[in-house]
Amino acid sequence: MSKRKGSVLIIDDEEEIRESIEMLLNSEGISTGHAGDGEEGLKKIEDNFYDVVLLDLMLPGKSGMEVQKDIKRIDPTLPVVIITAIGALETAVTAIKEGSFDYIAKPWNNEKLLVVVGNAIKQRQLMSENVQLRRALKERFGDANIIGKSEKILNVLYLVTQVAASRSTVLVQGESGTGKELIAKAIHLKSQRADKTFVPVNSGSMPVDLLESTLFGHVRGAFTSAISAKKGLFEVADQGTIFFDEIGTIGAETQAKLLRVIQEKEFMRLGGIETFKVDARIIAATNVDLKRLVDEGKFREDLYYRLNVINIQLPPLRERKEDIPALVEFFTKKYCEENGKPPYRFSSEALKVLMDYHWPGNVRELENVVERAVVLAHDEIIGRNLIPEGIISPSSRFATLSSFPLSKDTSLFEVTDAFERRVIVEMLEQTGWSQTEAADNFRIPLSTLNQKIKRHGIEIKKKRDRVNV
């Protein structure tokens with residue numbers, strides 16, 4: 001079924017102009033309505049649905065600028081295209097800064113008017129689809145904040161719906177930044193355990209002893225600082241869901257204990273002999289090939305098959321670029337609200353740059369770019385100039401030797417040392433300051449990366465919360 005052509009309300013006090021625009025739009029299959037002043041136009045907007053408003057700035061009574069503010073109060077997502085005389089372009093620019101979609105100067109070019117109206121209709125329909133999609137996903141997945149309408153992400157969500165009602169373990173696989181924890185939360189929220197606890201465990205960020213104590217708890221005296229008994233996360237997750245992020249990083253001894261929990265549904269606290277029964281659904285995630293780790297003897301084969309009962313593969317953002325506009329809209333709204341700014345939007349040129357980029361850091365990297373742009377923006381239209389150069393020109397994404405000033409007194413060690421430090425910082429920023437993910441991307445052990453971070457005196461920022469899919 002083809003998408004509807006759209007509907008446009010024309011607010012202009014000159015009947016000849018209204019009729020001329022109506023004839024042009026009607027000839028393209030676009031339905032129209034009209035009003036001779038602002039009050040009549042606002043009444044029609046309250047009583048009818050329109051995709052676009054063509055608004056003359058010079059109206060009798062209430063001015064076009066005042067009418068635009070009222071339109072945004074009635075329907076914040078309704079695009080307004082300003083009609084203005086060539087001599088009043090400054091006012092049109094002001095109107096755009098206050099939320100207009102675009103402007104048309106009198107006398108207008110019919111072809112340009114149709115292009116502007118067509119683009120505004122597309123934006124309105126896209127925003128309407130996104131609202132409907134979020135409403136449907138909210139009903140299906142609670143507060144998981146899953147954003148997307150591409151075939152690949154919808155297939156993932158269908159699989160989430162199918163597996164949520166079961167008790168089986170789930171293995172979520174995908175690159176860093178694709179939103180694996182959000183999928184785990186969606187499974188939990190859709191399951192019969194939704195009113196119980198969801199417990200995330202960052203498996204790769206803790207030493208073995210600390211991880212085991214965190215998971216299984218400990219008895220008093222189990223180690224030097226164990227001055228009292230403590231529950232572990234498995235006890236906290238009883239009747240709920242426990243989510244293991246970066247499952248491929250856990251050690252062999254912990255793997256054996258985890259296998260026992262899956263098979264026997266019981267465990268012992270660290271240093272204790274009492275057995276505790278537990279009923280927690282296990283969901284694990286990894287951004288590495290676990291089967292390869294099994295083949296290399298780094299991951300237990302029996303545990304792998306116990307975890308991989310149901311496998312969900314999350315697509316990277318570059319394979320579902322049609323979701324980028326909805327994600328950008330979501331993150332823009334989020335960070336405008338967090339920073340106390342009015343509603344911003346990305347220009348079509350800026351959005352095209354984001355659509356053309358390959359996003360190696362996936363949704364997390366996109367979120368970082370949008371947050372940065374919102375924080376730095378002073379106008380409500382975010383332009384290409386607020387997008388990092390590494391996104392506009394991917395070849396300049398990482399530092400190059402040409403960016404380091406060389407002199408006859410510069411040693412090779414100084415240059416390579418500074419270069420290494422900058423590349424590490426840029427990778428950490430891309431991964432939301434996750435050392436484990438950065439080490440995976442660099443294909444070096446986590447311990448090696450941590451040594452380099454310490455040697456370079458890099459201050460680690462707080463790891464970002466998981467991103468929206």
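Helix H6 (residues 151–164) lies across strands S11 and S12 of this predicted model, running at about 160° to S12. Angles here run from 0 to 180 degrees between N-to-C directions, with axes as lines fitted to C-alpha atoms, for helices over the stretch in contact. Helices (H or I, at least four residues) and strands (E, at least two) are DSSP runs, numbered from the N terminus. As the model is predicted, local features need pLDDT of at least 70 and side-chain atom pairs count only at pLDDT 80 or more, while totals for chains, interfaces and linings use all residues. Residues are numbered from 1 along each chain as its sequence is written, and side-chain values use heavy atoms, with hydrogens and water left out.

S11 and S12 belong to an open sheet of five strands in the order S7-S8-S11-S6-S12, with parallel pairing; two strands pair if DSSP finds at least two bridges between them. The edges are held by S7 (198–202) and S12 (310–313), each with a single partner strand, so one side of each has no neighbour in the sheet. On average, neighbouring strands of this sheet are turned by 20° against each other, direction ignored. Within the sheet, S6 (residues 170–173) and S11 (residues 281–286) pair in the parallel sense over four bridges, and Val172 stands opposite Ala285 in S11.

Val309 sits in the loop between helix H12 (301–307) and S12. Its C-alpha is 6.1 Å from that of Val170, although the two are 139 residues apart in sequence. Not counting residues up to four places away in sequence, Val309 touches Ser168 and Thr169, where contact means heavy atoms within 4.5 Å.

Next comes strand S1 (residues 7–11), where five of the five residues are buried, so the strand is largely enclosed by the rest of the structure. Buried means under 20% relative accessible area, exposed over 50% and partly exposed in between (1.4 Å probe, protein chains only). Both faces of S1 are covered, with Ser7, Leu9 and Ile11 buried on one side and Val8 and Ile10 on the other. S1 pairs with S2 (residues 31–35) in the parallel sense over five bridges, and the bridge partner of Ile10 in S2 is His34.

Two helix pairs complete the picture. Two packed helices are described by the angle between their axes and the distance between the axes. The axes of H2 (residues 38–47) and H3 (residues 64–74) come within 10 Å and cross at roughly 10°. H2 and H3 are therefore roughly parallel to each other; angles under 35 degrees count as roughly parallel, over 145 as roughly antiparallel, 65 to 115 as roughly perpendicular and the rest as oblique. In this contact, Gly38, Leu42, Ile45 and Glu46 of H2 meet Val67, Asp70, Ile71 and Ile74 of H3.

For H13 (residues 324–338) and H15 (residues 362–376), the axes come within 9 Å and cross at roughly 45°, which means that H13 is oblique to H15. The residues in H13 that meet H15 include Ile324, Leu327, Val328 and Phe331, and their counterparts in H15 include Val363, Leu366 and Val370.

Across the protein chain there are 19 helices and 14 strands. Of its 469 residues, 47% count as buried. Among contacts with a separation of 6 or more, residues 24 or more positions apart account for 70%.
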